[in-house]
Amino acid sequence: MKLTSQMPSWTAPKLVGMPSTPRQAIGQSLQSLLLVAAENLYPVLRKMPNSSAPIHHRLAVKKPSGRAHALFRHRPSIRDIRTSRRKKSEKCKLCVRFEVVSGSKFTHVSSRSPPIDAHVLHAKRESSDQPPLRSIQVAMITRLAISGYRSLREVRVTLGALNVVTGANGSGKSSLYRALKLLADIAQGRIIQSLAAEGGLQSTLWAGPEAFSRAMNAGSAPVQGAVRKYPISLKLGFSGKDYGYAIDLGLPPPDSRSKFSSDPEIKVESQWTGEQLDRTNVFALRVGPGVRIRNGQGEWQQTYQNLDAFDSMMTHCADPHHAIELLMLRERMRDWRFYDHLRTDRDAASRKPQIGTYTPVLASDGSDLAAALQTIREIGAAEQMDVAIADAFPGARVEVISTDGYFELEMRQHGLLRPLKAAELSDGTLRYLLLVAALLSPRPPALMILNEPETSLHPELMPPLARLIAQASRRSQAVVVSHSPTLVGALDADADCRRVVLEKHLGETVVSAGAPPPDWAWPSR
Ligand SMILES: Nc1ncnc2c1ncn2[C@@H]1O[C@H](COP(=O)(O)OP(=O)(O)OP(=O)(O)O)[C@@H](O)[C@H]1O
Ligand SMILES: [Mg+2]
């Protein structure tokens, strides 16, 4: 692999995270290669924000036999960037060019340039003295689609780096949170068990009619069911700039011999490149028990014929040689982090001393709080942690005391003669510290989802919490489910915040006015 730069004024950046062998490179979709390369251009863009000269970046993958050629160009201009107050002189053009030389044909090649304006925006935002951030845009979910799950009959939302989901009681916020959790459960291989824990497929399915007639919507006809046109189905999907994934679950065909006739089955799964599924960009497809995956030359290969209906292709077919994209997406989904009602009651584990080990990721019950805060202090953003704590509790500082390997939290507060132990802190104070530990994790995930983080926090703490979340959303995509107007208002103050307001209409969750729903296509059975 050879990297050449056609720009004399800058040196080509070292490629990080690029595929290590030409075979691997050719096996990957060009689009994801381009995104990785764009990520590598950050430092360059940061150094030359005023230049209007195009940057040429060329990657050549050589194989002795013959050649195939692919070229991508993208020139985002200042118009692509949301903040309009920027100076004209800051105009920055980017052109990423790929040459892939190989003996085989390239059927994946698309001349459509992926939108990389977000990268440019991101790069421009960072001041040159900060270390380069991970490109959350590469791993970011931009579209989420749910169909037939509880009150989410047909919901599609566009997501950004920072999202706040809000709405009245019963509007469907928790259902949206749970739908994301179900998607994460697919990557852990426990989607069927999770549905069972929710009462089984029948109880989680949308309980209303398959569709509403115009008269039902207008209120001139009662809501009633009709003969179903389509089979029972619960569908979940998401996509980002690089990949998309969708799953369709249904009921097994009636079988009087089996006691599992109400056990959900995975009917279809699909993974594709880019945001929108179409006929040309699918590269892994499961229909019933059969799984087909495209090889490096773009040809379909039947990799599984007898996949059990309760096993996902994500867990059973992902492998580094034949399905690297499945593997990459699965690992990313496994890393999604959910924080839901972190316990702060008298018996909460976070109030007790715990054996301390390096803890870059706070446990979902917050039990390892002291170790997580100490890990941030030693290998993470110690200064940001102190600032975030002082932002909420002026003059306060948190220390971790170690006794015989047991870590315990102590908080020094303004006006007190001795520090208070975790067991003595108020619920709200402890919850805020848990959120600090979660949000400043030295190992940020691709996606962090917080369900009602405002619980037991005083309204005065909402602005510091919103600042903390906004800061974290620069390293991990963040989805915050909240019905605190103060927190929603404080998050909204961030220019990047996307508000998703849910409403109930005839028992169905609808996304209220705002951006139109994104285009979405489900894989067919
Ligand atoms: N299978 C189903 N079909 C249709 N609607 C359902 C189904 N199961 C639950 N619901 C309804 O979905 C609605 C949304 O519930 P959800 O728990 O997501 O609301 P929420 O916005 O989180 O409310 P809260 O603010 O009270 O927590 C509820 O009104 C519930 O009655
Ligand atoms: Mg709820």
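Residues are numbered from 1 along each chain as written, while chains are lettered from A and ligands numbered from 1 in written order. In this predicted model local features need pLDDT of at least 70 and side-chain atom pairs count only at pLDDT 80 or more, whereas totals for chains, interfaces and linings use all residues.

Visitor: How are H12 and H14 oriented to each other?
Guide: Helices are DSSP runs (H or I, at least four residues), numbered from the N terminus. H12 (residues 369-379) and H14 (residues 427-439) have axes 9 Å apart, at an angle of about 50°; axes are lines fitted to C-alpha atoms over the stretch in contact, with angles from 0 to 180 degrees between N-to-C directions. Under 35 degrees is roughly parallel, over 145 roughly antiparallel, 65 to 115 roughly perpendicular and the rest oblique, so H12 and H14 are oblique.

Visitor: How many residues of the contact of H12 with H14 are nonpolar?
Guide: Contact needs C-beta atoms, placed from the backbone, within 7 Å. Leu369, Ala372, Leu373 and Ile376 in H12 meet Leu433, Leu434 and Ala437 in H14. Ala, Val, Leu, Ile, Met, Phe, Trp, Tyr, Cys and Pro count as nonpolar, Asp, Glu, Lys and Arg as charged, and the others, Gly among them, as polar. The contact has no polar and no charged residues, and the nonpolar ones number 7.

Visitor: How many residues are charged where H6 meets H11?
Guide: Leu183, Ala184, Ala187 and Gln188 in H6 meet Arg330, Met333 and Arg334 in H11. The contact divides into 4 nonpolar and 1 polar, with the charged residues numbering 2.

Technical notes: Helix = DSSP H or I, 4+ residues; strand = E, 2+ residues; numbered from the N terminus. Contact = placed C-beta atoms within 7 Å.
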